[in-house]
Amino acid sequence: MTVSNTLPHPLAPLSEAEILRARDTILKQHGASDSLYFRCIYLNEPAKAELVPFLELEHAGKLTESTPRPPRQARVEYDVLTPSKHHHIRTVVDLKASQVVSSDTAAQKAYPSYSPEEFNDFQDACVASELFQKAMSEFALPENFKVIIDPWPYGGPDDAEDPDRYMQGLVFAVDSSKKNPDSNHYGYPIPIIPVMDWVSKKIVRVDRLATGGAEDGLEPEAKAASPKKLFQNNAPAEYVPELLDIPLRNDLKPINITQPEGASFTVHPDGLIEWQKWRFRIVFTPREAAVLHDVTYENRPIVYRLSYSELTVPYGDPRPPFHRKQAFDFGDGGIGRAANNLELGCDCLGAIHYMDSILPSPDGTPTAAKSVVCLHEQDNGILWKHTNFRTNRAVVTRNREFVVQFIATLANYEYIFAYKFDLAGGITVETRATGIVSVVSIDEGKTSKYGNVVAPGILAQNHQHIFAVRIDPAIDSYTDTQVVVEESISKKIDPKTNPYGNYYEVQRQQVDKPRWIDAEPRLNRVLKLENSTKKNSISGKNVGYKFILPSTQMLVADDDSVHARRARYAQHNMWVTGYRDGEFWVAGEFTNQSRKETDGVDDMVRRGDWFTDEAPNGQDQESKGKKSTPVLWGIFGLTHNPRVEDWPVMPVEIHQMHLRPADFFTFNPALDVPSTKNAASVLVPCCSNGEASKATEQDKPLSHLQGSGKEIDAQAAGASVTNGKTE
């Protein structure tokens, strides 16, 4: 019996009707006098123990109408507003019964992330404030310049502070005489930071900023007797084409990505994606954006859940109040809510499928978020090649990738996130950073050790971007994954075992309990994710995948600093923790205005789960947590000491981490990729300005191939190209 189409898959995103049902269930729980502010309504993922049996039957083709299904639930996060306080509540709603399953109120100083509406309201509250207006009277702006304020999380409060829910802002001005709403305001920073109490919506103070150089100390200069003239020598920092004062290049000819027979992937309405031998599901959440579930290759599970978990951006300028500049872009604002509406032919090229999402407005009404994820194929060079030097025959295949991409704008920065699947069983998680560096004022002629002067009067502060990716592995099984640290160790010369000193030993250590692991390139330290029971029939080793992480600098702030206490995760390259349902946040659920990392990976390690049949060190279950399956957290960072070339908008910085099969298959899984010539490629002549030849390689005879001394016909030569690109 086939499963009815009326039954949604347990991982299918919530429909508009389900979001409304969840909202209405919450409204019924409260009286008419309660004022509610809805922040998130999204799928409450089923417990792993309930979902895995369903997935196993699904992959075996044994689902029926009577197959037990996890309950369909929504997670609703909302505030109950009173004149003096906001109560933040997390609730799970059973959608079939329209009943609240669980509900809890966040602790007093655990603040939820800000919504886009709250960020948008911040400027109006500032400019209406007498305190802010008084602070602005200390400066004289050129004619036609208007104030623009970027909202920012308040960061980590000082130990002496006990603030309510605060927000701070970076203040700029824009030249309105250009009559273009996209004119770049970041070229005109104003040296104050307003601070708002979000409960009362009042500006409580305005901090003055130091604008001196390296020799001028940490404090701002004394207030001048008359308004300080700003931007006397600042230059425009435009980037939109119509405002540039340099001509655009006119010698770039088009590159068109075409797939005349259509795309090779299939997208199903419930978020199921199929491409080549890959199969997985996409769920879009307000905090993480695109999350991948149940990733399989040839129906063999590899990853149960794959997601970005957090990004912290700490700044290295010690002058108060810059010590509060530390954003957690996932926890403080939400990458999903900041996701761009992608445009065809711009953000993704070729044959594109866009996925929409549904996010609630503050009153809980479902609101469409259009084109927040793009799916497409792209060429990434050669996949594999070999030339028989005796015959000079080359066989080559192209490395086509399937890409799941989303982009988020967080005030000045853009982040491009992509999951890439290849034809050889590999997964790449790629992050690109671009946008505009965060800048502050600096006095003319000064330089600073806290950053780099990128334009007259503009200091781009030194900072870091430290990302975390969460990997819940399922290597050929949803329950039997083990983690092994593997190192390649040099061995001393030994007359019996290593007489010439060229031997090195591959050493392995199974991870039996939660811990952190730092990268060590000198030892080629890698993590192996392996099935603990299944062996490769050729090598005899456990079937598995290896995890390849870039060896980047971790958090540089002092261990006792507020920056470090809030982001313990950012101090190590890899963490292995025990699985718990709903535990997705590397720095804890509440990062907004946190003082320390709470319920993040550091706490997960301390609680002492274990992964083997016996607790480590002979300790029993009562004293050492409980047995669990391992979850891997990969941490990588971009230490960004800005360049002049980063101004006014920076070229992308790219980092990648990889999951690559390691004895998972019994031979190269891409051996069956066709070696097909691309007929759309053309020859470009040398040493002339003439047009490219219209003849393709397919239309021309192959030249004499050197090596054997004989002419080899086209069939024997086999020179070939695959997947839409020339070799």
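Mentor: Let's talk about its disulfides, its cysteines and its cavities. Keep in mind that the model is predicted.

Trainee: How many disulfides does a search of the whole structure find?
Mentor: The search finds 1 disulfide.

Trainee: Remind me, what's a disulfide?
Mentor: A disulfide is a covalent bond between the sulfur atoms of two cysteines.

Trainee: Which cysteines does it join here?
Mentor: C348 and C374, with 1.9 Å from S to S. The link is left-handed, at -55° about the S-S bond. C348 sits in the loop between α5 and β18, and C374 is in strand β19. They are 26 residues apart, so the pair links distant parts of the chain.

Trainee: Is C374 buried or exposed?
Mentor: C374 is buried, at 0% relative accessibility. C348 is buried too, at 1%.

Trainee: New topic. How many cavities of 30 Å³ or more are there?
Mentor: There is 1. The largest cavity has a volume of about 60 Å³.

Trainee: Which residues line it?
Mentor: Among them are F172, P189, I193, L209 and V439. Strands β7, β8, β9 and β23 each give two or more residues to the lining.

Trainee: How do the lining residues divide into nonpolar, polar and charged?
Mentor: They split into 11 nonpolar, 1 polar and no charged.

Key:
Residues are numbered from 1 along each chain as its sequence is written. This is a predicted model: local features need pLDDT of at least 70, side-chain atom pairs count only at pLDDT 80 or more; totals for chains, interfaces and linings use all residues. Side-chain values use heavy atoms; hydrogens and water are left out. On a 1 Å grid over the protein atoms alone, a cavity is a set of points where a 1.4 Å probe fits but cannot get out, and a pocket is an open set with protein on both sides within 12 Å along at least five of seven lines; lining residues have an atom within 4 Å of a point. Grid points are joined across faces, edges and corners, and a volume is the space filled by probe spheres set on the points. Helices (H or I, at least four residues) and strands (E, at least two) are DSSP runs, numbered from the N terminus. Ala, Val, Leu, Ile, Met, Phe, Trp, Tyr, Cys and Pro count as nonpolar, Asp, Glu, Lys and Arg as charged, and the others, Gly among them, as polar. A disulfide is a pair of cysteine sulfur atoms within 2.5 Å. Buried means under 20% relative accessible area, exposed over 50%, partly exposed in between (1.4 Å probe, protein chains only).
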